[in-house]
Each structure stands twice: as C-alpha cells, then as structure tokens.
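Biologist: I would like to go through this model and ask what stands behind each term used for it. Please set the values against the cut-offs.

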Amino acid sequence: QLFYILFNLIFIIIIFNRRPIIRMYKETDFLYTALGDDISKSLVASLCGGFVNRVKRYLSKHNSNVICNNFATPTFTSSDLLSQLKNNSEIRQCLKKSKIITISIGGNNLCEGAFKNFTEINGKVAKIGILRFKEDWHEILYFIRKYTQSNASIYVMTFYNPYSTDDPNYSIAEYYINSLNLIIKSDFWIKTYNYKVVDVHDSFKDNFRGNFLFLNT
C-alpha cells in the first residue's frame, strides 16, 4: 500500500509539473519567467529545489516583490517549447512583462537518440534532433522578442555532457552536444535577439559531480 501511495504521489507531481500555473503579478512586481525542460523543472528540482529557485532567491536579495513563473516542463523538446509559446497567450503576456527570462532547452532533442538506458547513442536520431532544434531556435527567440515584444534580459543555458569522462559514450555524446551548443552560442542569434549564454557545458566539464549537486540542491 505504501508503494501505491508513493506511486500516485509521484504521478501527481509529474502531472502537476506538466501544467503551467501562472502566479498573478502586478505592474510593480519584478517578474522572472523560466522556460524549458527538466533542467528548469524536474521531479528532483520540485522536491529539492533547483537553479530556478536559486535565481529567484538571488533576485529577491536585490529587488522587492519578485514573482517567479516557472513554465518549464519535463521531457520538453524545442518543438514542445515552441508550441507552448504559440498556444498559450497568458505565457506570452507574462514574457512581455518579465524583467528576466531563463531558458533551458535542447537536451531532450538529443536524448531521443539515446537507447537502452543511455548505453547506446543513435547518431542518425541525434542529428535529426539537432536539425529540429536549429529550426525551432529562431522561432522561439522570434516569439519572445518580436511577437511578445519582450525587453527582458534573457539567459540561455548550454547543454552539458551527462556521461562520465571514462564512459565510451562520452566522446560520442560530446560531438552532438557541441553541435547543439554551437547553435545556442551563435554570434548571429545572440546579436539578433540579444541574449546571454550561461555556458553550463564548460562549467561542468572539469567538475561535473560537484556542479551537478550545486545545481540541484
């Protein structure tokens, strides 16, 4: 019976995480909006606190009346995020009013190419995920900057390598991860849509375990 209760609790949390709840805000509030995937809003982050909560706490030290809306959704790919922006006018309005926006997206595009509990990587599938990300990335940024007319400071995370350096898949994954990160770090897109890159990939490279714990606690 305990297992049944825990199972239902986890199920409820997952369902809850997939349904964005918009916190009400006033014109005088300092609005922070998080977009993306599991990195911004996962089961672990919900139970233990993740980087979104850390950013909110930091902002609260320097600004009064900070309101945080976390619209990130576990398992989201770039196409899912784009669809969210296109189909949710309340989220778009929230983005327009935001002072800070963080984005973590792209990891699940690559994860579609990982099989057998991430022990095998299908390069063909991974390349399709990268191409889809490349197509979506421009539209995502366009929607935020042009369609919603947001003047917020935007911070975008790169994707880190989840494999340990001694894993045979590390170098294979690194190739595809770098391909995706190069799109995010493109000077053309950065200048066109005025966003800043938080290079998580390079930060985690030498101390993945320590930085991973920092991110999720």
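Modeller: What follows is a set of questions on terms and the values behind them.

Biologist: What kind of model is this, and how many helices and strands does the chain have?

Modeller: The model is predicted. Its chain has 11 helices and seven strands. Of its 217 residues, 45% count as buried. Among contacts with a separation of 6 or more, 77% are between residues 24 or more positions apart.

Biologist: Why is Asn 65 called partly exposed?

Modeller: Asn 65 has a relative accessibility of 47%. Buried means under 20% and exposed means over 50%, so a value in between is called partly exposed. Asn 65 therefore counts as partly exposed. Its place is in the loop between α3 (51-62) and β2 (66-70).

Biologist: What makes the phi of Asn 65 worth a remark?

Modeller: Asn 65 has a positive phi of about 55 degrees, and Asn 65 is not a glycine. Most residues other than glycine have a negative phi. Thr 75 also has a positive phi, of about 75 degrees, and is not a glycine. Thr 75 is found in the loop between β2 and α4.

Biologist: Which class does the relative accessible area of Thr 75 give?

Modeller: The value for Thr 75 is 47%, so Thr 75 is partly exposed.

Biologist: How do you know which class Lys 99 belongs to, and where does Lys 99 lie?

Modeller: Lys 99 lies in the loop between α5 and β3. Its relative accessibility is 45%, so Lys 99 counts as partly exposed.

Biologist: Which residues does Lys 99 touch, leaving out those up to four places away in sequence?

Modeller: Lys 99 touches Phe 30, Leu 31, Ala 152 and Ser 153. A contact here means heavy atoms within 4.5 Å. The C-alpha atoms of Lys 99 and Tyr 32 are separated by 6.1 Å, and these two residues are 67 residues apart along the chain.

Biologist: What makes β1 a mostly covered strand?

Modeller: In β1, seven of its seven residues are buried. Both faces are covered. Phe 30, Tyr 32, Ala 34 and Gly 36 are buried on one side, and Leu 31, Thr 33 and Leu 35 are buried on the other.

Biologist: How do you know that β1 pairs with β2 and with β3?

Modeller: Two strands are called paired if there are at least two bridges between them. β1 and β2 have five bridges and pair in the parallel sense. Leu 31 stands opposite Ile 67 in β2. Five bridges also join β1 to β3, and these strands run parallel. Here Gly 36 stands opposite Ser 104 in β3.

Biologist: Which strands does β6 pair with?

Modeller: β6 (residues 153-157) is joined to β3 by four bridges, and the two run parallel. Thr 102 stands opposite Tyr 155 in β6. β6 also pairs with β7 (residues 195-198) in the parallel sense, over four bridges. Met 157 stands opposite Val 198 in β7. Against the cut-off of at least two bridges, each count is enough for a pair.

Biologist: Which residues of helix α4 are buried, and why are they said to line one face?

Modeller: Helix α4 covers residues 78-87, and its buried residues are Ser 78, Leu 81, Leu 82, Gln 84 and Leu 85. Seen down the axis of α4, these buried residues fall within an arc of 155 degrees, so they line one face of the helix.

Biologist: What do the buried residues of α4 pack against?

Modeller: They pack against β1 (30-36), α5 (89-97), β3 (100-104), α6 (107-111) and α7 (123-147).

Biologist: How many cavities of 30 Å³ or more does a search of the whole structure find, and how much space lies in the largest?

Modeller: The search finds one cavity of 30 Å³ or more. About 140 Å³ of space lies in the largest cavity. A cavity is a set of points where a 1.4 Å probe fits but cannot get out.

Biologist: Which residues line the largest cavity, and of what kind are they?

Modeller: The lining has 13 residues, and Leu 110, Cys 111, Ile 121, Tyr 163 and Ala 173 lie nearest the centre. The lining divides into 12 nonpolar residues, one polar and no charged. α6 and α8 (169-184) each supply at least two lining residues. The largest share, three residues, comes from α8.

Definitions and conventions. Residues numbered from 1 in each chain as written. Predicted model: local features only at pLDDT ≥ 70, side-chain atom pairs only at ≥ 80, totals over all residues. Heavy atoms only, no water. Buried < 20%, exposed > 50% of the residue type's maximum accessible area, 1.4 Å probe, protein only. Arc of directions from axis to C-beta. 1 Å grid on protein atoms, 1.4 Å probe; cavity = no way out; pocket = protein on both sides within 12 Å on 5 of 7 lines; lining within 4 Å. Points joined across faces, edges and corners; volume = space filled by probe spheres on them. Nonpolar A, V, L, I, M, F, W, Y, C, P; charged D, E, K, R; others polar.
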